[in-house]
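Let's take a walk through a structure together, starting with a pair of helices and ending out at the loops. Keep the viewer open as you read.

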Amino acid sequence: MLRPPHTSYDQLHVYYLDRRDLPAVDDPALIGIWIEDETAILFFHQERGELVSRICQQCGARIIYQASLEYRDWEAGVQVTSFTTAALSVRPVWEAAGTAPAGLVEIVLDPSVIFGSGFHATTRLCLETLESLLLEEGRQIRSVLDLGTGTGLLAIAAARLGAERVLALDNNPLAVEVARKNVALNDCGDRVRVEQADLLDNGLPATGGYDLVIANLYKGLLTQLFANEVFWQGQMYLVSGFLPGMEAELLSALPAGSIRMLYRGRREQWRLWLLRKET
Ligand SMILES: C[S@@+](CC[C@H](N)C(=O)[O-])C[C@H]1O[C@@H](n2cnc3c(N)ncnc32)[C@H](O)[C@@H]1O
């Protein structure tokens, strides 16, 4: 995340260690520590080889891999900048405020190194479908569950467009930290709660109280969720994170007879489904 004196992302210096239980790292150039299984990936704004070697000596860790890259390359070659949809204007924290076109709801975002800057086709598909659902006349979406929230963009958009109660979950502690910061930046902490939870490890909450469940994940995890009856207690489902070649397998994983396909969306090679649970 951005902390003074840093105001934007430029070069990323990445150190991949073979342990996750590291001593506290207090350095102004630290962007964040991404924990994955038993490993830790440290992201810095500046080269920090000496600091990381000291950390390794302290705790017996080893650097598996290290690299320096441009933020743009981390973001799949895309320049993260402000963008608009029909109802929203999303701007990264490093761009000046007050430039949003009139009539749009503004969201400010620190995307850090977390999925959900708004530039991936699946995030944009979800965002556009979400806003049309929330703004559709006569449709009431008061509560939203965002599974795999990343930066928190979809959860924040839901709250800024009228949802009263949003629960946003992610298993990545750095995503949780970033999403919480973004919720605070957008002043919607009274409506959006962000929690760490692993959906593969009993982290799926009861979906029963939610009008909309968002799941922009990946095929393997979606297939597992589809097989879990707890997942199907909500009313509507916005599902994405899969390609055309995966649709047949995912369709066959839907519970027979009780799910209605309301809409199928596509952007680049990615697909989205809007589903409704029939009662
Ligand atoms: C494709 S990204 C979507 C991020 C954001 N919702 C968006 O639409 O841009 C998927 C997110 O799910 C999270 N995730 C992956 N596996 C998970 C699991 N088992 N439990 C909880 N979250 C998970 C990842 O950390 C990541 O932030």
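Is the crossing of α3 and α4 left-handed or right-handed? The crossing of α3 and α4 is right-handed, where right-handed means that the near helix is turned clockwise from the far one by less than a right angle, and left-handed that it is turned anticlockwise. Before going further, please note that this is a predicted model, in which local features need pLDDT of at least 70 and side-chain atom pairs count only at pLDDT 80 or more, while totals for chains, interfaces and linings use all residues. Residue numbers run from 1 along each chain as its sequence is written.

Helix α3 covers residues 121-135 and helix α4 covers residues 153-160; they pack at an angle of about 15°, and their axes are 10 Å apart. Here an axis is a line fitted to C-alpha atoms, for helices over the stretch in contact, and angles run from 0 to 180 degrees between N-to-C directions. The two helices are therefore roughly parallel to each other; the cut-offs are under 35 degrees for roughly parallel, over 145 for roughly antiparallel, 65 to 115 for roughly perpendicular, and oblique for the rest. On the α3 side the contact is made by T123, C126, L127, L130, E131 and L134, and on the α4 side by L153, L154, A157 and A158. Two residues are in contact here if their C-beta atoms, placed from the backbone, lie within 7 Å. Sorted by class, this contact has eight nonpolar residues, one polar and one charged. Ala, Val, Leu, Ile, Met, Phe, Trp, Tyr, Cys and Pro count as nonpolar, Asp, Glu, Lys and Arg as charged, and the others, Gly among them, as polar. If you look at the spacing of such positions, recall that an α-helix has 3.6 residues a turn, so residues three or four places apart point the same way.

Why is α4 described as largely enclosed by the rest of the structure? Eight of its eight residues are buried, so α4 is largely enclosed in that way. A residue is buried if 20 or more other C-beta atoms lie within 10 Å of its own, exposed if 12 or fewer, and partly exposed in between, with C-beta atoms placed from the backbone. The buried residues of α4 are L153, L154, A155, I156, A157, A158, A159 and R160. After α4 comes G162, whose phi is positive, near 125°.

Next, the ligand. It is surrounded by 24 residues, and the closest are G116, T123, G148, G150 and N171; a residue is near a molecule if its C-beta atom, placed from the backbone, lies within 6 Å of it. The elements giving two or more residues to this shell are α3, α4 and β9 (165-170). The largest share, three residues, comes from α3. By class, the shell has eleven nonpolar, eleven polar and two charged residues.

Now for some backbone details. P4 and P5 are joined by a cis peptide bond with omega of about 10°, and P5 sits in the segment before β1 (11-17). D37 is not a glycine, yet has a positive phi of about 50°. D37 belongs to the loop between β2 (30-36) and β3 (39-44) and is exposed, with 6 other C-beta atoms within 10 Å. S112, also not a glycine, has a positive phi of about 50°. S112 is in the loop between β7 (105-109) and α3, and is buried, with 25 other C-beta atoms within 10 Å.

A last stop takes in some strands and loops. Q66 lies in strand β4 (residues 63-70) and is partly exposed, with 16 other C-beta atoms within 10 Å. Leaving aside neighbours within four places in sequence, Q66 is in contact with V14, Y15 and Y16. A86, in the loop between β5 (83-84) and β6 (88-92), is exposed, with 10 other C-beta atoms within 10 Å. A86 and L104 are 18 residues apart in sequence, and their C-alpha atoms are 7.7 Å apart. Finally, T279 follows β14 (270-277) in the chain's later segment and counts as exposed, with 5 C-beta neighbours inside 10 Å.

Definitions and conventions. Helix = DSSP H or I, 4+ residues; strand = E, 2+ residues; numbered from the N terminus.
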